[in-house]
There are 2 protein chains.
Amino acid sequence: MMKKTKNAITPTREEDYPEWYQQIIKAADLAQSSPVRGCMVIKPWGYSLWENIQKILDGMIKETGHKNAYFPLFIPLSYLQKEAEHVEGFAKECAVVTHHRLETGPDGKLRPAPAARLEEPLVVRPTSETIIGEMYANWVHSYRDLPILINQWANVVRWEMRPRIFLRTTEFLWQEGHTAHASEDEAREETMRMLDVYADFAENYLAMPVIKGEKSESERFPGAEATYCIEAMMQDRKALQAGTSHFLGQNFSKAAQIKYLSDQGREEYAWTTSWGVTTRLIGGVIMIHSDDDGMVMPPRVAPSHMAILPIIHKAETRAQVLEYCEKLSKRLSEMSYGDNKLRVEFDTRDIHGGEKAWEWTKKGIPMVLEVGPRDVASNSVFVGRRDLGRQNRKSMSLDELISTAVDQLEEIQKNLFDRALVFQQVNTFRIDSKEDFEAFFTPRNQDKPEIHGGFAMSHWCGSADVEEEISNKYGVSIRCIPFDTGDGEGTCIFTGKPSKQRVVFAKAY
Amino acid sequence: MMKKTKNAITPTREEDYPEWYQQIIKAADLAQSSPVRGCMVIKPWGYSLWENIQKILDGMIKETGHKNAYFPLFIPLSYLQKEAEHVEGFAKECAVVTHHRLETGPDGKLRPAPAARLEEPLVVRPTSETIIGEMYANWVHSYRDLPILINQWANVVRWEMRPRIFLRTTEFLWQEGHTAHASEDEAREETMRMLDVYADFAENYLAMPVIKGEKSESERFPGAEATYCIEAMMQDRKALQAGTSHFLGQNFSKAAQIKYLSDQGREEYAWTTSWGVTTRLIGGVIMIHSDDDGMVMPPRVAPSHMAILPIIHKAETRAQVLEYCEKLSKRLSEMSYGDNKLRVEFDTRDIHGGEKAWEWTKKGIPMVLEVGPRDVASNSVFVGRRDLGRQNRKSMSLDELISTAVDQLEEIQKNLFDRALVFQQVNTFRIDSKEDFEAFFTPRNQDKPEIHGGFAMSHWCGSADVEEEISNKYGVSIRCIPFDTGDGEGTCIFTGKPSKQRVVFAKAY
């Protein structure tokens, strides 16, 4: 068996966190940059994680009464312009379609045909409030037509100058919910309901502890009345916004004229919400769980749960080992894990066993089951768990493996969550002076500028100017105004003015 | 109970088939045109049909060894140009992104920012052979890296001058499989395997009988060596191409340099295939099964299987009827249909029972279960089946309903297929002279120019000139050269030259 002498991933998290992130993606074969600037290719192992995310979250979105639909990729320029803040927020990152045909130019090269120039350019959707609003205006006439509770799984484009795979890409995949309601209360309730769904999903499936809260005004979705978010701490102690839910008030319904006749016979504007999570979640899963040996997949969303690796040194034991593994694979594949069957990889490729085991480790599969002739003889399996590390593998009887497999997966799931929660907690500090705040966000080790202090919970007076100053000075933003801090009012550490509560400051992705 | 006096859909199929098609889509609330020219909005009831199609077909694609992945929406102009026939085929329908930012112009209006003009324009993918080929060239080095068996679910854009919902839209949804192989035989086998998957899916899930065959050269996918298809007959006797599978030879691997070192140590070009089906299938389902009362959903892909409608005339029976329906709904919802639970709608809306029943009829739900006080008293249900028509509803004991529900759905599924197959067969003719051919494709009733003769199985010498002449003269094309006609060689009815076999001529969507 290969002996572990060094980590599978170079550099380690400590050595160079951003580069470690790129290497994890490569080693686990999750995705890669494409030749189209800022756009990624999501490879099968990474896409399978996304499919599992989709499947589970889609179920939760439907459970809460929403239905899926599909709206156009293109948005006429004039629609985007209907909500002033909205267009202001997205204009700088819009891909614009201006022609609908190519032709060969005088130089013999292909070019957009001048005669096929669009009268009104089309924007590739950066988000769909405006086009969906236009349709809702068409669908809603009376209070009986409300609420409209619709979700869409789609690709969106926001031109990205500094792309980073999964975290910031020009094209990304997401779901966007868009709802319209007859009352403000109902719309506010919906906004919170979906934030809770996201938090539930992040914590219970991605094993990603999150802090729920409201965004400050400067971080609000362009055109929203209020933006709520879930924020998670990555292993470099930076924050990742993992999902957002927006209460849009009547801004978009006024822009698109979503009007209805109330049960009192009055014409009213609807109240709308929108909410979304993206393929960025995959970046979050990577950064919160993976280690210096590669990706770590939370079992509940893992593309596969276990890999069976026949270890064959001699030709004469080959048939016997393969037969044993085959039976094991069949038996495990018939078992249920949650609502699904166990997903088992039976890796019969003709490469060295140690190499194979490392490959699956780097891919983050929760359990690796190695089977050699001695395991066959003793009716056992050599079991490695991704959360415990390769050095803690142990032999287990076949019966024990079968009877504990699902529990072990759930234990891994729990361990990952607990570990991440402890990490978040020990790296979150109540900071009560400007000096401490400055020290906290000044890199302490110039060799590792990418490992940060963590989350600072500090009092803030609510001033946008202060917020901007902090951002400029320390590169730190208010991640959210959390719902629940456990302590009450205080004094702003920057201005000495009264503060209603502590807020979360952090460097962020 | 509402008495049926006329059809729910105006006009009927006989009166005006194209308009009937639009009215079905409206009455069943499947989709609608959007203000973005040529792009449709797929509404929840229509999208749910697509989700079921996706789920089943995705399972079949995975069963045959493929994995899903995701590639960029945008394709650099230069990539498209690498395969000469390919670019020729798609250049005229490409949406072109030329700018990556908007700004406010001197007139105060939003415009593409001149300073943000792209050096190389990007095409919104009309299909992904070129961008995926580029990635495969990067992934493939040795014969050990082959085959690559990947599928993608995505949106694509082909600018459409005469859009028609589901059938021809500028943006549509599809899956596109792209595979690369080390040998021609293996690639050809893959092409056929996927054609068989499509035929299996169309016939056994969409209840859509299809004819499998090869396209003539002029109807080939641009850049392919051979294109195979499944063709179905709609109720106006026109053909609908319902899926295609392409053997691409080495054309795209040469264009993108997908090379590998063979087990003989030689550098070789890979052999590639691609295959796809689109949201056009929904148009096919509508046109093959629906009637003058609305949509007819094949049970295996229906968004919901049955609607329970409490019929409440008097307030005093309300609670009793609702309770009975609630129990019925619960019991049915717990039952399995194939790999899924029965999908049951319990429609408690406070509108007239007849109106409700017609609504569900128009939506094409396979079974409508009406329950009034008398049904409660006799422990029965008034059952309507979409394939039998509203006039054939009958009372059934609760036990009988429960014990036969799944069988009835399967019977509906079978009836729809059988009916469509008979329709296809009685409208397919062996035509053996040019005169008969001409008569067959000349509208016999000038009032109903949209109802056509059907499929003509005729001998053809293989000449593209003849094919073009027929197309110009009769608006008829060769739908496919079927694999199995049951009879052999003959004489071309247009030229008198020898013909290897009969081919399928028809008007087509």
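The structure is a predicted model. Chain A contains 14 helices and 29 strands. Its radius of gyration is 26 Å, close to the 23 Å that the globule rule gives for 509 residues, so chain A is as compact as a globular protein of that length. Of the 509 residues in chain A, 60% are buried. Contacts between residues at least 6 apart in sequence may also be considered: 71% of them join residues at least 24 apart.

Two helix pairs can now be examined in turn. Two packed helices are described by the angle between their axes and the distance between the axes.

The crossing is right-handed. Helix 1 of chain A contributes Tyr17(A), Trp20(A), Tyr21(A), Ile24(A) and Ile25(A) to the contact, while helix 8 of chain A contributes Gly283(A), Ile286(A) and Met287(A). By class, the residues of this contact comprise 7 nonpolar, 1 polar and no charged.

The second pair consists of helix 9 of chain A, residues 315-333, and helix 12 of chain A, residues 398-426. Here the axes come within 11 Å and cross at roughly 25°. Because angles under 35 degrees count as roughly parallel, helix 9 of chain A is roughly parallel to helix 12 of chain A. Helix 9 of chain A passes helix 12 of chain A in a right-handed crossing. On the side of helix 9 of chain A, the contact is made by Tyr324(A), Leu328(A), Arg331(A) and Leu332(A); on the side of helix 12 of chain A, by Leu398(A), Asp399(A), Leu401(A), Ile402(A) and Ala405(A). These residues divide into 7 nonpolar, no polar and 2 charged.

Ser216(A) lies in the loop between strand 11 (211-214) and strand 12 (226-233) of chain A. With a relative accessible area of 2%, Ser216(A) is buried, since buried means under 20%. Leaving aside residues up to four places away in sequence, Ser216(A) touches Trp460(A), Glu467(A), Ile478(A) and Ile481(A).

How values were computed. Residues are numbered from 1 along each chain as its sequence is written. Chains are lettered from A and ligands numbered from 1 in the order in which they are written. This is a predicted model: local features need pLDDT of at least 70, side-chain atom pairs count only at pLDDT 80 or more; totals for chains, interfaces and linings use all residues. Side-chain values use heavy atoms; hydrogens and water are left out. Axes are lines fitted to C-alpha atoms, for helices over the stretch in contact, and angles run from 0 to 180 degrees between N-to-C directions. Helices (H or I, at least four residues) and strands (E, at least two) are DSSP runs, numbered from the N terminus. Angles under 35 degrees count as roughly parallel, over 145 as roughly antiparallel, 65 to 115 as roughly perpendicular and the rest as oblique. A crossing is left-handed if the near helix is turned anticlockwise from the far one by less than a right angle, and right-handed if clockwise. Contact means heavy atoms within 4.5 Å. Ala, Val, Leu, Ile, Met, Phe, Trp, Tyr, Cys and Pro count as nonpolar, Asp, Glu, Lys and Arg as charged, and the others, Gly among them, as polar. The radius of gyration is taken over C-alpha atoms; the globule rule is 2.2 Å times the number of residues to the power 0.38. Buried means under 20% relative accessible area, exposed over 50%, partly exposed in between (1.4 Å probe, protein chains only).
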